[in-house]
Amino acid sequence: MRKIGVLTSGGDAPGMNAAIRAVVRYGIYNNINIVGIHNGFKGLVEGSYTDMNLSSVADIIHRGGTVLGSARSKEFMAEKGLSKALRNIKYIGIDGLVIIGGNGSFRGSLELENAGVPTISIPGTIDNDLAYTKYSLGFFTALTTVLESVEKIRDTSSSHGRTDLIQVMGRDCGDIALYAGLAGGAEMVIIPEIEYNMEEVCHKIMQGRTRGKKHSIIILAEGAGEAKDISERIEEKTGITTRYSILGYTQRGGAPSAYDRLMGSQMGVMAVKLLCASQRKRAVGVTDTGIFDMDLEEALAIEKTFDKTTYELTKILSI
Ligand code: F6P
């Protein structure tokens, strides 16, 4: 392994910079040249890259976003784009690639593998929708950002005696809503994995009122419905003023949490180690006991299961 390329793809996530830094520093420590590909797979198609040195990654471990830039490249997934990318990989002299991103990025890794390029994939997405790993880089930072907003909204919700619906990101995955619901003490979470019952939501709100609660917080995952529509229906049924807030892109930015920095660093090092050991088509992940790697295709074939325990716990603890 003489030259390794590293890229970040899809929605950016806090912790990606820690992983880039680790790939660059650990690679150079082992006398490997590292190139940083700009803007994900788009950069591979366009042949846009930088030779990285120790200083290229100075002062980035604490920064959100990705210093390499990111994109969702439709061109790469088309035959013409892929062959351009393969030509550039050959021209730059890349022997292996570290790809940091979510579901779509991992599918990109597989395309490259099928074309003969060794890859190691690192999970970086706030959505936490990759089933094979317990957590992905950025998830815990996004969760903290969501909780900061929940607490602020709770203050004003209490003052005005309202119900507040807070919409969070996650695409088709309810993890951000689910975990924020438990950690933020929400009355209810509405997530795509489980059909919600409007009667039950309103009953929960009214039950809280009866026992003197001044506010109600409902966390809605973006994949589970329209915030405006749901809040209007809640107000109509309960007669309680109901407001909604869509947290949006604040969730994707900000300084990475300690956990995301630590995981990013460890995963970046593991990716370089795997390539040096002639391993390929591997996905790096994390369990409660530490990081691991597994076959990329097997990782992608695992279906995300719904975390019923956390869902039930949120309901029980908010009675
Ligand atoms: O995958 C991360 C994510 O922030 C999702 O939660 C959201 O649905 C999506 O990206 C938004 O993507 P984009 O910024 O490309 O519109």
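This is a predicted model: local features need pLDDT of at least 70, side-chain atom pairs count only at pLDDT 80 or more; totals for chains, interfaces and linings use all residues.
Local features were kept only at pLDDT of at least 70 and side-chain atom pairs only at pLDDT 80 or more, while totals for chains, interfaces and linings use all residues. Residues are numbered from 1 along each chain as its sequence is written, and side-chain values use heavy atoms, with hydrogens and water left out.

Side chains of opposite charge can pair when their charged atoms come close. Here, a salt bridge is a side-chain nitrogen of Lys or Arg within 4 Å of a carboxyl oxygen of Asp or Glu. The whole structure turns up 14 of them.

One of these joins lysine 304 to aspartate 175, with the closest N and O atoms 2.9 Å apart. Lysine 304 sits in the loop between α11 (296-301) and α12 (308-317) and aspartate 175 in helix α7 (residues 175-183), so this pair ties together parts 129 residues apart in sequence. Helices are DSSP runs (H or I, at least four residues), numbered from the N terminus. Aspartate 175 is buried at 7% relative accessibility, and lysine 304 is partly exposed at 33%; buried means under 20% relative accessible area, exposed over 50%, and partly exposed in between (1.4 Å probe, protein chains only).

Helix α9 (residues 227-238) holds glutamate 232 and lysine 228, 4 residues apart, or about one turn of the helix. Their closest N and O atoms are 2.9 Å apart. Glutamate 232 is partly exposed at 44%, and lysine 228 is partly exposed at 44%. Arginine 233 and aspartate 229 also lie in α9, 4 residues apart, and meet in a salt bridge at 3.7 Å, N to O.

Elsewhere, Lys281, Asp295 and Glu297 are linked in a salt-bridge network.

Notes
Helices (H or I, at least four residues) and strands (E, at least two) are DSSP runs, numbered from the N terminus.
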